[in-house]
Amino acid sequence: QLQLVESGGGLVQPGGSLRLSCAHSGFTWDYFAIGWFRQAPGKEREGVSCIRGHDGSTYYTDSVKGRFTISRDIAKNTVYLQMNSLLSEDTAVYYCAASPPAPGDCLHYVYHNWGQGTQVTVSS
């Protein structure tokens with residue numbers, strides 16, 4: 001069965017950094033995209049970043065461009081989200097998810113397999 005487990009969340013001051021990890025199993029990187037999503041209280045879930053399995057192309061929502069970086073370690077079956085220059089508005093539960101391969105921006109893919117989420121809190 002396809003499984004995803006997030007880790008790395010925590011409390012950090014504005015301007016600080018965190019690296020989230022998404023360990024996945026039950027599927028092959030070559031055939032799936034991995035996306036990072038977040039949801040803050042009272043807000044809709046939004047796509048943050050994603051990486052395509054078939055070619056490694058990466059995509060970001062505008063609010064995190066230049067601050068966040070998504071990467072993969074194929075040997076470790078892990079996708080990372082490096083978050084720098086964190087802002088209070090980045091506070092949310094962050095989820096990783098997997099999608100079958102498709103063309104185009106993977107933030108628009110259909111995701112049905114989700115991890116449990118990890119809390120990121122940015123506060124002074």
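Mentor: Strands here are DSSP runs of E, at least two residues long, numbered from the N terminus. Two strands pair if DSSP finds at least two bridges between them. This is a predicted model, where local features need pLDDT of at least 70, side-chain atom pairs count only at pLDDT 80 or more, and totals for chains, interfaces and linings use all residues. Residues are numbered from 1 along each chain as its sequence is written, and side-chain values use heavy atoms, with hydrogens and water left out.

Strand 7 runs antiparallel to strand 8 (residues 78–83), and 6 bridges join them. R72 has V79 in strand 8 as its bridge partner.

Now the loop. D90 sits between strand 8 and strand 9 (92–99). D90 counts as buried because its relative accessibility is 1%; buried means under 20% relative accessible area, exposed over 50%, partly exposed in between, with a 1.4 Å probe and protein chains only.

The side chain of D90 makes a polar contact of 2.9 Å with that of R38. A polar contact is a pair of N or O atoms within 3.5 Å; within protein, one must be able to donate a hydrogen and the other to accept it, and residues adjacent in sequence count only if both atoms are side-chain atoms. A polar atom of the D90 side chain also lies 2.8 Å from the backbone nitrogen of L87. Leaving out residues up to four places away in sequence, D90 touches R38, R67, F68, V120 and V122, with contact meaning heavy atoms within 4.5 Å.

How values were computed:
Helix = DSSP H or I, 4+ residues; strand = E, 2+ residues; numbered from the N terminus.
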